[in-house]
Amino acid sequence: MTSEQRDALRPSGAICALLRTAAAAARASPQRARGATEIIFSSIITIIISVTLSATIQPASAHPQCLDFEPPFKPQWHLEFCSQYEQFGCCDQRMDNVIAERYWDVIEQLETAGYDLCEDTLKEIMCQECSPYAAHLYDAEDPYTPIRDLPGLCFDYCSQFHSKCRHVLRYLTDNQLLLDTSGRDMTTFCSLVDLSDQDYCYPRVLKSPDLNSNLGQVVEDPRGCLQVCLTEVANSLRNPVLMLHSGDDTHRMFIAEQLGFVWVYLRDGSRLERPFLDMSGEVLTTPWLGDERGFLGMAFHPKYRRNGRFFIYYSIQVNGKLDKIRISEMKVSEGDMNVADPYSERVILEIEEPAANHNGGQLLFGQDGHLYIFTGDGGKAGDPFGKYGNAQNRSSLLGKVLRIDVDGSGPVGKAYQIPPDNPFSRDPDARPEVFAYGVRNMWRCSVDRGDPVSGSGRGRIFCGDVGQNRYEEVDIIVKGGNYGWRAKEGFECYDIKLCQNASLNDILPIFAYSHHVGKSVTGGYVYRGCESPNLNGLYIFGDFMTGRLMALEENKAVGTWTEKSICMGSTTTCSFPGLLNHHHKFIISFAEDEAGELYFLATSYASAMSPTGTVFKFMDPSRRAPPGKCKQKPLPVKVKGKTFPFVASEQTVLKTNEKPTRPPLRKYKPATKPPTMSGRHRPTTTAAGTTSKAAAAKPDRKTPPKPVGKNKNKSWQKEKKLKETDVNKNAVGRRPKPPAKKMAAKTPGRAKAKPKTTQSTTDGLKGKKLSESLRGNKITSKRSDPRVTTGPNVTTSDTERVVFSNATKTNVQSKVRQTLPRVRSKHIKSAGTL
């Protein structure tokens, strides 16, 4: 009994009230107490039964999962065999062909043995490996559950299977208990193949609306929150402020700590012992909780693979008093691709900071190849600098989005050029570097890669702009745009006077949320990866202070964005090896790898000295990309020095990273040579390491040879003609060719037929009538496994003997054997054209 059932059977308020009523009636009138008590107790029983049923009948908790412990997927192309799962399931074309091959091997075994083929039922059972709930059907949700050879069958379906097709079991399983019980008792057998969770047994799993209504979509909790799971990528980092790739096809990731260290992480998760960059001696930072100064930004040049240039953004202090932010260019070392040249720094721009906070910190290259720099408004509260504040003052570089050309030299004293199409390049009252203004403290911006198919959205720049005391906002940057600060905060006015005089052309945020939800936005990315197709197009971001994850979905028809809350999946939803459903509270930054997969960086203690920073990767547990679609071919990385392998520290849902333990698929191989038989078999060993009677006599899958008749010497005549041709060619002086392979039928093996070896006897009857083959106790076999010799006697049931004897009295099975090979070859041909 579950805890819910136990709680349901405890006296509730209604039951207690009824008991109190019965006691009062008994005290008032003993004569009427008996009748009142009967009515009350009947009501109590009714309540108990109804509550018990409501606690017992719970809706199914949808958790699609494949036998490889991964979510299902939509195949890239249609499936020929298990076509009922071509829209969504666990099989791609390769796996579909494997199942089809196994199916026809079994059909041939049944055909040779003279059994009823049960084609439809056999196909249904074998195709359940393609079901999106295959792991549930086979009791393989995790490495700790029992392993099944057969899917879980509902009792009604199982009884029909047992009455008509139980003879196919020997070709589907080696489980002796199942084989024995199937021959004795249907009820016991069906109880063995049944599932404890009746919602998942076949075919009921296909009819449950709770399991199939939103199959393949992102799971939502009762509040409509999208449930996602995470994997741990890196840990033990000191306030990791950013992670980025170099765009050079090596798929390395560079993770920067606020202290000024940048570490290289290889594709296998290992970290190089030596840092890529160590700026800790120059960077201004403190151990204060929430200090915003430090190493804040980094960007690789779009042509980094050729020129090795990258750019950094960090805080410095001059003469122990004046704070500045510095943007510099550096280069990678010529002798080591994983180490920067410490002497290559070239300062591009320095900006004085009037306060210790609001330092900005984002660097990125746009689709136009120019470098974008995002600065804060200078700090303090309400941008109190000057009449309108730094953000509205276009002659100041603070509170701005700057754009510069770093591929050319500017005027004397400048290490960059001004792009000619900058919006204020010809305005004498504005700095030419300004691209957009009116921002408070944009923390983390990103460039949209665009839809992988249509390219829609490509090049858009998204930013999270931290608010003052009421609203946080998300913006899309446009050339020359005024984002309103300090006149506005979010959609509302902050400075009443400035707001009344504000331009009507101010750029409004695409989304804003109040401080009841969060207090410090962390900008994210539009997901454009391959592994989680359901997340494509969602802008995913978070809040630093509350640790809340959020998403925005675009309505392209009207150009608006709708909020989609993101929450960690339940224990059931994230029941995949290696997945997490929790993370640290303080979300510092988001990241995108070279393949477009999405990550975020978080810590449990927001101090530059605290080694609790962890990198998490998003994963959608409801759907994945088809196998092989997202494979990458990274360029090799020449590593000099030691590496530290990744060791996970977070507790996963299943507490394991094991691979599936289910036995490999059974594979029937065609026989090759006639066996030496005396009515006894030596059982062969299958791929799973078990002994199989069916595998001990595997027939050739080709069409059986025609009975020897008028053309019995046809093959001998062909062989003689080939020899004569070779002799004539040699006589002319040509180099003799090796003799051609014989085309004649192989000599049949001989053995004494015993009634107990029904299967092995019938396996040798392929292509001939049973009555002819049994004459003289001779067994004819076209080809057989050369490893098969003698072995222990294989006993058969009385039912098998009856089937065998019936096969000698009728030619029904022989007609089936003549027609099925043609159908089989047709299916194999169609499957092979994929």
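Helix α8, which spans residues 176–184, has L178, T181 and S182 among its residues as buried ones, where buried means under 20% relative accessible area and exposed over 50%, with a 1.4 Å probe and protein chains only. Seen down the axis of α8, these buried residues fall within an arc of 105 degrees, so they line one face of the helix, the arc being that of the directions from the helix axis to the C-beta atoms. The face turned away from the buried side carries the exposed residues G183 and R184, while the buried residues pack against α7 (155–165) and α9 (186–193), contact meaning heavy atoms within 4.5 Å. Helices are DSSP runs of H or I with at least four residues, and strands are runs of E with at least two, numbered from the N terminus.

This is a predicted model, in which local features need pLDDT of at least 70 and side-chain atom pairs count only at pLDDT 80 or more, whereas totals for chains, interfaces and linings use all residues. Residues are numbered from 1 along each chain as its sequence is written, and side-chain values use heavy atoms, with hydrogens and water left out.

D448 lies in the loop between β15 (442–447) and β16 (461–465) and is buried, with a relative accessible area of 1%. Its contacts include Q367, R458 and F462. Two side-chain polar contacts (pairs of N or O atoms within 3.5 Å, one able to donate a hydrogen and the other to accept it, with residues adjacent in sequence counting only if both atoms are side-chain atoms) are listed below.

| Side chain | Backbone nitrogen | Distance |
|---|---|---|
| N175 (oxygen) | L177 | within 2.9 Å |
| D448 | G450 | 2.9 Å |

Key
Lists of a residue's contacts leave out its neighbours within four places in sequence.
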